[in-house]
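Hello,

Here is the structure I promised to hand over. Please open it beside this email and follow along.

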Amino acid sequence: MASRVEAAAARTPAARAAAIMEAVSKRAYPLSDYAARRPDAPEWFSRAIARRPRRRLIEVDGANIELLTWGRAKAPGLLFLHGSGSHAGWWSFIAPFFVGDYRCAAISWSGMGGSGHRPAYSAEQYAREVSAAIDVADFAPGDRGVVVVAHSFGGYPAIIAANNNPRIG
């Protein structure tokens with residue numbers, strides 16, 4: 001015996017859509033118990049996002065780049081680089097877990113987040129943004145290199161920056 005959804009598939013597009021919506025409306029969803037209120041966040045998440053970063057803009061080749069920093073100055077460096085269409089704030093619930101051992105920083109690439117825009121973009125330009133952030137983020141000086149954590153799109157400029165910047169470990 002065919003299900004209602006399969007039977008609807010043989011009808012008009014409007015009838016098919018109505019049958020599918022009826023079937024979907026009867027399903028239980030994990031958030032339905034919250035009745036449109038925000039679920040409580042786990043304790044670890046609440047503690048992490050309570051640690052607000054210092055936000056500032058740094059100028060890199062004519063564009064303002066958003067730089068967020070957490071933790072004590074002159075600690076070993078940990079720089080977070082986001083993916084395409086994102087922003088530095090995406091690291092706000094992760095970076096606080098590392099501030100006991102690192103000075104953490106994150107940038108918003110030019111054209112994204114709180115950063116300024118450029119007439120044109122290139123991976124080499126993004127790599128210069130990485131190096132500029134390392135120069136001003138108050139990371140520890142010395143032989144221990146800055147650790148770079150890059151997500152998706154951030155990986156390619158990170159590789160270029162690591163090739164050009166001896167401070168990246």
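**Overall picture**

Take the contacts in the protein between residues at least 6 apart in sequence: 69% of them join residues at least 24 apart. Please keep in mind that this is a predicted model. The protein has 169 residues, and 38% of them count as buried. Its secondary structure comes to five helices and five strands. Along the sequence, the pattern reads α-α-α-β-β-β-β-α-β-α.

Next, look at helix α4, residues 123–136, and helix α5, residues 155–164. They pack at an angle of about 65 degrees. Their axes are 8 Å apart. Angles of 65 to 115 degrees count as roughly perpendicular, and α4 and α5 are therefore roughly perpendicular to each other. The crossing of α4 past α5 is right-handed.

Which residues make the contact? From α4 come Ala123, Glu124, Tyr126, Ala127, Val130 and Ser131. From α5 come Tyr156, Pro157, Ile160 and Ala161. Sorted by class, the contact of α4 with α5 has eight nonpolar residues, one polar and one charged.

**The nonpolar cores**

The largest nonpolar core holds 25 residues. Which of them touch the most other members? Leu79 and Val130 do. The largest share comes from α4, with seven residues.

Now click on Leu79. Leave out residues up to four places away in sequence, and Leu79 touches Ala105, Ala106, Val130, Ala133, Ile134, Phe139, Val146, Val147, Val148 and Val149. There is also a second, separate core of eleven residues. Leu78, Trp91, Val99 and Ala106 are included in that second core.

Start with Ser86, in the loop between β3 and β4. Is Ser86 buried or exposed? Its relative accessibility is 4%. Buried means under 20%, so Ser86 counts as buried. Ser86 touches Met112 and Gly113, not counting residues up to four places away in sequence.

Then go to Lys74, in the loop between β2 and β3. Its phi is near 70 degrees. That is a positive value in a residue other than glycine. Exposed means over 50% relative accessible area. Lys74 has 54%, so it is exposed.

Ser152 also has a positive phi, near 50 degrees, and it is a residue other than glycine. Where does Ser152 lie? You will find it in the loop between β5 (147–150) and α5. At 58% relative accessibility, Ser152 counts as exposed.

Glu59 counts as exposed, at 52% relative accessibility. Compare its place in sequence with its place in space. Glu59 and Gly116 are 57 residues apart in sequence. From C-alpha to C-alpha, Glu59 and Gly116 are 9.3 Å apart in space.

**Where to begin**

Then turn to the helix pair α4 and α5, which pack with their axes 8 Å apart. Finish with the loops that hold Ser86, Lys74 and Ser152.

Best wishes

Notes
Residues numbered from 1 in each chain as written. Predicted model: local features only at pLDDT ≥ 70, side-chain atom pairs only at ≥ 80, totals over all residues. Heavy atoms only, no water. Axes fitted to C-alpha atoms, helices over the stretch in contact; angles between N-to-C directions. Helix = DSSP H or I, 4+ residues; strand = E, 2+ residues; numbered from the N terminus. Parallel < 35°, antiparallel > 145°, perpendicular 65-115°, else oblique. Left-handed = near helix turned anticlockwise from the far one by under 90°. Contact = heavy atoms within 4.5 Å. Nonpolar A, V, L, I, M, F, W, Y, C, P; charged D, E, K, R; others polar. Core = buried A, V, L, I, M, F, W, Y, C linked by side-chain atoms within 4.5 Å. Buried < 20%, exposed > 50% of the residue type's maximum accessible area, 1.4 Å probe, protein only.
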